[in-house]
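Please walk me through this model one feature at a time.

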Amino acid sequence: MVLGEIVAGIEAINKLLDAPLKARTAFRLGKLSKELAPHFETYEKVRGELLEKFGEKVDSDDENGQVQYSFANGTAEKFQTELIAMLEEKVDVKVRKIKLSELNGASLTARDMMALEWLIAEK
């Protein structure tokens, strides 16, 4: 599995953690979430460092409190190149697929399902 799969699926996994699932499925998702968390946290930290390295903070009145960055003179491309290389990094995580039928009670969108292709088995 690559880091990008974790990053793409983290929101959907968080939805599943809040869904009313059978105990066994909930337990397995909880264990998986704990195993994925350090990888996602490291990604967020390094991504922030890359933004600081290549971007320049922009004063904005973002109501969510998120910092905005602007890029000049080819720095956006450098940022993207390093970010993509990080997202393609292999991560050693043991994933036991979850059957689609085990997710009854979970409210997932098609986008969520696409983000969790690596985790969900049809049968």
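**Reading the helix packing**

Q: Is the crossing of α2 and α3 left-handed or right-handed?

A: The crossing of α2 and α3 is right-handed. A crossing is right-handed if the near helix is turned clockwise from the far one by less than a right angle, and left-handed if anticlockwise. Helices here are DSSP runs (H or I, at least four residues), strands are E runs of at least two, and both are numbered from the N terminus. This is a predicted model: local features need pLDDT of at least 70, side-chain atom pairs count only at pLDDT 80 or more, and totals for chains, interfaces and linings use all residues. Residues are numbered from 1 along each chain as its sequence is written, and side-chain values use heavy atoms, with hydrogens and water left out.

Q: At what angle do the axes of α2 and α3 cross?

A: Two packed helices are described by the angle between their axes and the distance between the axes. Axes are lines fitted to C-alpha atoms over the stretch in contact, and angles run from 0 to 180 degrees between N-to-C directions. The axes of α2 and α3 cross at roughly 165° and come within 10 Å. The pair is therefore roughly antiparallel. The cut-offs are under 35 degrees for roughly parallel, over 145 for roughly antiparallel, 65 to 115 for roughly perpendicular, and oblique for the rest.

Q: Which residues of α2 and α3 make the contact?

A: Contact means heavy atoms within 4.5 Å. From α2 come Y43, V46, R47, L50, L51, K53 and F54. From α3 come T75, K78, F79, E82, L83, M86 and L87. By class, nine are nonpolar, one is polar and four are charged. Nonpolar means Ala, Val, Leu, Ile, Met, Phe, Trp, Tyr, Cys and Pro; charged means Asp, Glu, Lys and Arg; the others, Gly among them, are polar.

Q: At what angle do the axes of α1 and α2 cross?

A: Helix α1 (residues 3–18) and helix α2 (residues 23–54) cross at roughly 135°, with axes that come within 10 Å. That makes α1 oblique to α2. Their crossing is left-handed. On the α1 side, L3, I6, V7, I10, I13, L16 and L17 make the contact. On the α2 side, L29, G30, S33, L36, H39, F40 and Y43 do. The class count for this contact is 11 nonpolar, three polar and no charged residues.

Q: Is S33 buried or exposed?

A: Buried means under 20% relative accessible area, exposed over 50%, and partly exposed in between (1.4 Å probe, protein chains only). S33 is found in helix α2. S33 is buried, at 19%. Leaving aside neighbours within four places in sequence, S33 is in contact with I13 and L17.

Q: How many aromatic pairs does the structure hold?

A: Two. Rings of Phe, Tyr and Trp (its six-membered ring) pair if their centres lie within 6.5 Å; planes under 30 degrees apart are stacked, over 60 edge-to-face, and the rest tilted. One of the pairs is F40 with Y43, which is tilted: 6.0 Å centre to centre and 35° between the planes. F40 and Y43 are three residues apart in helix α2, so about one helical turn separates them. F40 is partly exposed at 21%, whereas Y43 is buried at 7%.

Q: What is the phi of N73?

A: Most residues other than glycine have a negative phi. N73 is not a glycine, yet its phi is positive, about 55°. N73 sits in the loop between β2 (68–70) and α3 (75–87). N73 is exposed, at 77% relative accessibility.

Q: Which residues is E35 in contact with, leaving aside its neighbours within four places in sequence?

A: D92, V93 and K94. E35 lies in helix α2 and is partly exposed at 31%.

Q: Which residues does V95 touch, not counting residues up to four places away in sequence?

A: V95 touches M1, L32, W118 and L119. Its place is the loop between α3 and β3 (98–99). V95 is partly exposed, with a relative accessible area of 29%. V95 and L36 are 59 residues apart in sequence and 10 Å apart in space, C-alpha to C-alpha.
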